[in-house]
Amino acid sequence: MTATNVSKWLDAEVRYDSGVYNKHQVVMVRGQGATVWDETGRAYIDCVAGYGVANIGHSHPDVVKAVQEQAARLMVMPQTLPNDKRAEFLQELVGVLPQGLERVFLCNSGTEAMEAAKKFAITATGGRTKFVSMKRGFSGRSLGALAFTWEPKYREPFGDAVDDKNVTFVTYGNVEELRAAITGDIAAVIMEPVQGEGGVRPVSAEFIQEARRLTKERGALLILDEIQTGFCRTGKMFACEHYGVVPDGMTLAKAMAGGVPVGAFAMTQDVATRMPKGGHGTTFGGNPLTMAAGVAAIRAMKNEGMAEQAREKGAYFMEKLRAIRSPKIREVRGLGLMIGVELKEKSAPYITALEHEEGVLTLQATPLVVRFLPPVTISKEQIDQAVAAFERVLQ
Ligand SMILES: Cc1[nH+]cc(COP(=O)(O)O)c(CN[C@@H](CCC(=O)O)C(=O)O)c1O
């Protein structure tokens, strides 16, 4: 491809897009497995995977086939009209969810799942409107979900429109703060089992188990945000399985439909039955096209043992990263293939160098952390190449 072609598409996107994103100077046009190609034909090892969406790999053949067939059959059907693919997806999803989570509100993104969770928590607790969330937590960008998102830079531009007056933020992992915050008027505690955007931070089993115990004791819900940790990312189908905790509700999105936009709030019967009929809704949620993709994606995760792959490859990836001898690395941490390398200096220049000089895509998770979220289907050879590239840019 000539430079003109690249500039043609890049110029158009930069010219007409909203302007909220820092656009990389590249145009990505194709993906397969853990590789993506730009318009000039250059290949990249993709450890961004759409911010942890392409867990089963780009354009998984089973998902492609399912989407092609469903697109030709039926793409549009609202949830007041039952549909075979939606029913099949709900069966597939409930079949892999922790026991007890058997009712699902279907939507189209993580933020929407969190908005639904917030409303279901209020009705399930008889109108309680106070919440506990986590410092460094990320729950989404809409005004409702933003109230649970810690980073001030995301909230400040919107002032009082962000309804965070009823939210108490506690230090992630601090059991004493948690105990003090979960009072008798709390609707729910919201937390990620591993904080993603907040720096790839696993937490102790004790903290999550104490949140489970205290919310039960004080009539609040425990809502785990598995939008990033879900669907094999951390070495289990869901990260809560590492801790032996079943929440009252779980927000889901990203990888759930193999790359097709999707979101869901999974909950117990009790939480679901407390929402008045017609109390929430969505136009696109549960559409047949997304449902077909989701059925294929979840079956691929099971059939290809992707949770075990993430566990095994994650351990290998972190072992190789920890073997890098560099004074710039403070810590390598993570769970499964949700990996963060905290540097002693800003990570952005190294993320840029990895992309431009080495053809490896990574992303930030706070200014000092390089986040690796590759497809679970990444090969050991690609892991070795990514680690060698990282070692080179750190020199
Ligand atoms: C844990 C979590 N919860 C909720 C969301 C919101 O989901 P959605 O509405 O589908 O984007 C995300 C997006 N996480 C990415 C942040 C995206 C953004 O900057 O906005 C991320 O981890 O980078 C999460 O990682």
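What covers the buried residues of α9? The answer includes β5 (130-134), β6 (167-170), α8 (175-181), β7 (186-191), β10 (221-225) and α10 (240-243). Here, helices (H or I, at least four residues) and strands (E, at least two) are DSSP runs, numbered from the N terminus.

## About the model

This is a predicted model, in which local features need pLDDT of at least 70 and side-chain atom pairs count only at pLDDT 80 or more, while totals for chains, interfaces and linings use all residues. Residues are numbered from 1 along each chain as its sequence is written, and side-chain values use heavy atoms, with hydrogens and water left out.

## Helix α9

Let us stay with the helix of the opening question. Helix α9 covers residues 205-217, and its 13 residues should span 18 Å at 1.5 Å a residue, which agrees with the 18 Å between its end C-alpha atoms. The expected span of a helix is 1.5 Å times one less than its number of residues.

The buried residues of α9 are F207, I208, E210, A211, R212, L214 and T215. Buried means under 20% relative accessible area, exposed over 50%, and partly exposed in between (1.4 Å probe, protein chains only). Just after α9 comes G219, with a positive phi of about 70°.

## Helix α5

Helix α5 runs over residues 110-124. From its first C-alpha to its last, this 15-residue helix reaches 21 Å, close to the 21 Å expected at 1.5 Å a residue. Its buried residues are G110, A113, M114, A116, A117, K118, F120, A121 and A124.

Both ends of α5 are worth a look. After α5 comes G126, whose phi is positive, near 70°.

## Where α14 meets α15

Two packed helices are described by the angle between their axes and the distance between the axes. Helix α14 (residues 348-358) and helix α15 (residues 380-394) pack at about 115°, and their axes are 10 Å apart. Axes are lines fitted to C-alpha atoms, for helices over the stretch in contact, and angles run from 0 to 180 degrees between N-to-C directions. The crossing of α14 and α15 is right-handed; a crossing is left-handed if the near helix is turned anticlockwise from the far one by less than a right angle, and right-handed if clockwise.

On the α14 side, Y350, A353, L354, E357 and E358 meet A389, F390, R392, V393 and L394 of α15. The residues of this contact divide into seven nonpolar, no polar and three charged. For this count, Ala, Val, Leu, Ile, Met, Phe, Trp, Tyr, Cys and Pro are nonpolar, Asp, Glu, Lys and Arg are charged, and the others, Gly among them, are polar. Contact means heavy atoms within 4.5 Å.

I351 lies in α14 and is buried, with a relative accessible area of 10%. Not counting residues up to four places away in sequence, I351 touches T362, L363, Q364, V369 and V370. H356 is also found in α14, but is partly exposed at 47% relative accessibility. H356 and H24 are 332 residues apart in sequence, yet 9.9 Å apart in space, C-alpha to C-alpha.

In α15 you will find Q385, which is partly exposed at 46% relative accessibility. Q385 and I45 are 340 residues apart in sequence and 8.5 Å apart in space, C-alpha to C-alpha.

## E342 in strand β14

E342 belongs to strand β14 (residues 338-343) and counts as buried at 13% relative accessibility. The side chains of E342 and R333 make a polar contact of 2.7 Å. A polar contact is a pair of N or O atoms within 3.5 Å; within protein, one must be able to donate a hydrogen and the other to accept it, and residues adjacent in sequence count only if both atoms are side-chain atoms.

Leaving aside its neighbours within four places in sequence, E342 is in contact with R201, K328, I329, R330, E331, R333, L368 and V369.

## Two positive phi values in loops

V200 is not a glycine, although its phi is positive at about 55°. V200 sits in the loop between β8 (194-195) and β9 (201-202) and is buried, with a relative accessible area of 0%.

T366, another residue other than glycine, has a positive phi near 80°. T366 is in the loop between β16 (363-364) and β17 (369-372), and at 27% relative accessibility T366 counts as partly exposed.
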